[in-house]
Amino acid sequence: MSKISETLDPADWETHRTVAHQMVDDAIDYIRDVRSRPVWQEMPPQVRRQFNEAVPHAGTPLPKVYQQVMSEVFPYPMGNIHPRFWMWYMGASNFTGAMGDFLAAILGSNLGGGDHAAAEIDKQVVGWMKAMIGYPAEASGTLVSGGSMANLIGLTVARNVMSGIDLRNEGVGALSAPMRFYGSDQVHSCHRIAVEAMGLGNNALRRIPSDANCRMDLSA
Ligand SMILES: Cc1ncc(COP(=O)(O)O)c(C=O)c1O
């Protein structure tokens with residue numbers, strides 16, 4: 001009986017170690033020296049063309065992939081980690097956070113349950129959030145990927161609780177009257193995405209006019 005054994009481990013750990021050390025050095029320089037670079041720069045056509053290449057049928061050695069990332073990706077950022085990026089209010093990256101992301105990926109935890117330290121950190125952080133915003137200890141919570149997911153989950157909970165039916169089992173088709181959400185006409189597009197994904201339709205999000213100071217007209 002043949003036994004097939006496959007692994008995702010690198011064939012050569014020492015090459016990975018060398019590339020990984022180089023990445024850390026480059027990452028520190030990249031963030032430290034951000035002020036000496038332009039916020040943004042146009043991608044030359046020969047760089048842009050790389051992103052239209054067909055699916056590769058053979059692997060590329062890690063040092064080559066890394067060299068491509070450094071020459072074709074890192075010089076052409078969105079710009080939001082630059083102190084002179086004033087276009088939108090996007091969050092910047094952060095070197096300490098990047099190290100945390102790296103370690104979390106190395107651990108590769110599934111936080112759906114289990115008896116392990118990462119799940120305890122997850123619960124602890126949710127507990128801290130509850131304490132910071134004055135939620136009762138018995139409240140539940142979860143960490144999600146960002147604002148869009150947070151609003152989708154929050155509005156879904158509100159929909160389920162306020163529907164007056166067992167909406168999780170019966171679905172939106174069982175509603176006896178359409179549901180409505182109210183927000184200012186300045187709300188982020190993720191709220192539209194949320195009501196659409198919740199099966200309520202974009203018209204369920206009522207945009208209340210706001211004045212020149214972006215204050216919602218409460219009488220409306
Ligand atoms: C006010 C506001 N809400 C929600 C979002 C969506 O957040 P995320 O990109 O984390 O999903 C954004 C994103 O820019 C935002 O500016």
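Colleague: How many cavities of 30 Å³ or more does the structure hold, and what is the volume of the largest cavity?
Modeller: The model is a predicted one. The count of cavities of 30 Å³ or more is 1. For the largest cavity, the volume is about 40 Å³.

Colleague: Which residues line the largest cavity?
Modeller: By class, its lining divides into 6 nonpolar, 2 polar and 1 charged. The residues that line the largest cavity are Y30, V34, R37, P38, V39, P77, G79, I81 and H82.

Colleague: Turning to the pockets, which element gives the most to the lining of the largest pocket?
Modeller: The largest pocket has a volume of about 780 Å³. It is lined by 28 residues, and M23, V24, A27, A98 and F102 are the closest to its centre. Two or more lining residues come from each of α1 (13-32), α3 (62-73) and α4 (95-107). With 10 residues, the element that gives the most is α1.

Colleague: How many residues in the lining of the largest pocket are charged?
Modeller: The lining has 21 nonpolar residues and 5 polar ones. The number of charged residues there is 2.

Colleague: Which elements each supply at least two residues of the lining of the second largest pocket?
Modeller: The second largest pocket holds about 520 Å³ of space. Its lining has 14 residues, with Y135, S140, G141, T142 and I153 nearest the centre, and it divides into 9 nonpolar, 4 polar and 1 charged. The elements that each supply at least two of the lining residues are α5 (117-133) and α6 (147-162).

Colleague: How far apart are the end C-alpha atoms of α4?
Modeller: α4 has 13 residues, and at 1.5 Å a residue these should span 18 Å.

Colleague: Which residue caps the N-terminal end of α4?
Modeller: The cap is made by a side-chain oxygen that lies 2.9 Å from the backbone nitrogen of T96. Just after α4, G108 takes a positive phi of about 60 degrees. The residue that caps the N-terminal end is N94.

Colleague: What distance separates the centres of domain 1 and domain 2?
Modeller: The domain assignment gives domain 1 as 13-106 and domain 2 as 147-208. Taken over C-alpha atoms, their centres are separated by 37 Å.

Colleague: Is S163 buried or exposed, and which residue's backbone oxygen lies 3.2 Å from a polar atom of its side chain?
Modeller: S163 lies in the loop between α6 and α7 (167-170). Its relative accessible area is 15%, so S163 is buried. The backbone oxygen 3.2 Å from a polar atom of the S163 side chain belongs to N160.

Colleague: What relative accessible area does C214 have?
Modeller: C214 lies in the segment after β2 (205-208). Its phi is near 65 degrees, a positive value in a residue other than glycine. C214 is partly exposed, because its relative accessible area is 47%.

Conventions:
Residues numbered from 1 in each chain as written. Predicted model: local features only at pLDDT ≥ 70, side-chain atom pairs only at ≥ 80, totals over all residues. Heavy atoms only, no water. 1 Å grid on protein atoms, 1.4 Å probe; cavity = no way out; pocket = protein on both sides within 12 Å on 5 of 7 lines; lining within 4 Å. Points joined across faces, edges and corners; volume = space filled by probe spheres on them. Helix = DSSP H or I, 4+ residues; strand = E, 2+ residues; numbered from the N terminus. Nonpolar A, V, L, I, M, F, W, Y, C, P; charged D, E, K, R; others polar. Expected span 1.5 Å × (residues − 1). Polar contact = N/O pair within 3.5 Å; in protein donor to acceptor, adjacent residues only side chain to side chain. Domains from an automatic or database assignment. Buried < 20%, exposed > 50% of the residue type's maximum accessible area, 1.4 Å probe, protein only.
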